[in-house]
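This report covers a pocket, salt bridges and ring contacts in one protein model. The sequence and structure come first.

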Amino acid sequence: MTDTPNHTDDVNNDIHNDTWRVQDTVLQSRFLLGTAGYPSPRVLCDAVRASGTQIVTVGLRRQLAAGGDNGFVELLRPVLAERGARLLPNTAGCRSAREAITLAHMARELFGTPWVKLEVVGDEHTLQPDPFELLVAARQLVADGFVVFPYCTDDLVSARRLLDAGCPLLMPWGAPIGSGQGLINPTALRTLRERLPDTVLIIDAGLGAPSHAAQALEMGFDAVLLNSAVAHAGDPVGMAGAFRDAVRAGRQARRSGVMARQDCAVPSTPVAGDPFLLGA
């Protein structure tokens, strides 16, 4: 009896082998997860497991407000070890380049990693990144030996300046942090993807539903980072798994080739001729 090829296994292997990089670090998961606002430490750890993430963000300001690490990171370390995952400290809450630079150096000492998600807020209402202070901080931190993950807008010129400063990737926002609005400016994001074809681009902030994550991966973005959509869900662990699956589906759709949109109806069932493509 001849074995029937299992296309599902081929797809699973294809996803498993579909890696991306941050400099010399090879990653498989395209889902980065934040750690704030969960109902309990146990729920957080279970959500990290369910997400399949290999990069977990943590805010140093929150740790300092709690009197230091306070056991939070030590709680996460066994979970991260299971996944071969890494911590990505962030400078959330900073309003100036000087403040962000200082916090980044403190994070490197506390967490033992040169990776930093660089955030410099320029507007209190939208929490939009300040492109000028962000660039100043990025230049200095790169010179200081950091691997800088800059949280930025979808502006192409600002993005290029950050790359020129030595950032190995970009993290453009989908929408204001915690808003759950999804990709509010897909035209600008598509332009960013098209004009920077060789740059790792991670959609960061504003995603509210797994469908938003799938859309980002279908558009060609390399990964997504989110926090509130999982932490504030009725079932954070279940939602983490839903986002994991959506990210995988979006990536597989991108690689498989999403059909082009048409301006008018095109019959899917031919009324004449051969229903199959000959030679396919």
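Which element gives the largest share of the lining of the largest pocket? The largest share, 3 residues, comes from β4.

## Basis

This is a predicted model, in which local features need pLDDT of at least 70 and side-chain atom pairs count only at pLDDT 80 or more, while totals for chains, interfaces and linings use all residues. Residues are numbered from 1 along each chain as its sequence is written, and side-chain values use heavy atoms, with hydrogens and water left out.

## Largest pocket

The largest pocket holds about 510 Å³ of space. Its lining has 28 residues, and those closest to the centre are Ala36, Lys117, Ile177, Asn227 and Ser228. Two or more lining residues come from each of β4 (55-59), α3 (60-65), β10 (223-226) and α10 (228-231). By class, the lining divides into 10 nonpolar, 13 polar and 5 charged residues.

On a 1 Å grid over the protein atoms alone, a pocket is an open set of points where a 1.4 Å probe fits, with protein on both sides within 12 Å along at least five of seven lines; lining residues have an atom within 4 Å of a point. Grid points are joined across faces, edges and corners, and a volume is the space filled by probe spheres set on the points. Helices (H or I, at least four residues) and strands (E, at least two) are DSSP runs, numbered from the N terminus. Ala, Val, Leu, Ile, Met, Phe, Trp, Tyr, Cys and Pro count as nonpolar, Asp, Glu, Lys and Arg as charged, and the others, Gly among them, as polar.

## Salt bridges

The structure holds 12 salt bridges (a side-chain nitrogen of Lys or Arg within 4 Å of a carboxyl oxygen of Asp or Glu). One of them joins Arg251 and Asp18 at 2.5 Å, N to O. Arg251 lies in helix α11 (residues 236-256) and Asp18 in the loop between α1 (7-16) and β1 (20-22), so the pair ties together parts 233 residues apart in sequence. Arg251 counts as buried at 18% relative accessibility, as does Asp18 at 8% (buried is under 20% relative accessible area, exposed over 50%, partly exposed in between, with a 1.4 Å probe and protein chains only). A network of salt bridges links Asp18, Arg30, Arg251 and Arg255.

Arg193 and Asp222 meet at 2.9 Å, N to O. Arg193 is in helix α8 (residues 186-195) and Asp222 in the loop between α9 (210-218) and β10, so this bridge connects parts 29 residues apart. Both Arg193 and Asp222 are buried. The bridge between Arg77 and Glu74 is 3.0 Å, N to O; these residues are 3 apart in helix α4 (residues 72-83), separated by about one helical turn. Arg77 is partly exposed at 33%, and Glu74 is partly exposed at 47%.

## Aromatic rings

There are 2 aromatic pairs in the whole structure (ring centres of Phe, Tyr or Trp, its six-membered ring, within 6.5 Å; planes under 30 degrees apart are stacked, over 60 edge-to-face, the rest tilted). Phe31 and Phe243 are tilted, at 6.0 Å centre to centre and 35° between the planes. Phe31 is in strand β3 (residues 31-33) and Phe243 in helix α11, 212 residues apart. Both are buried.

Trp115 and Phe149 form a tilted pair at 5.1 Å and 50°. Arg86 lies over the face of Trp115, 3.8 Å from the ring centre (NZ of Lys or CZ of Arg within 6 Å of the ring centre and within 35 degrees of the ring normal).
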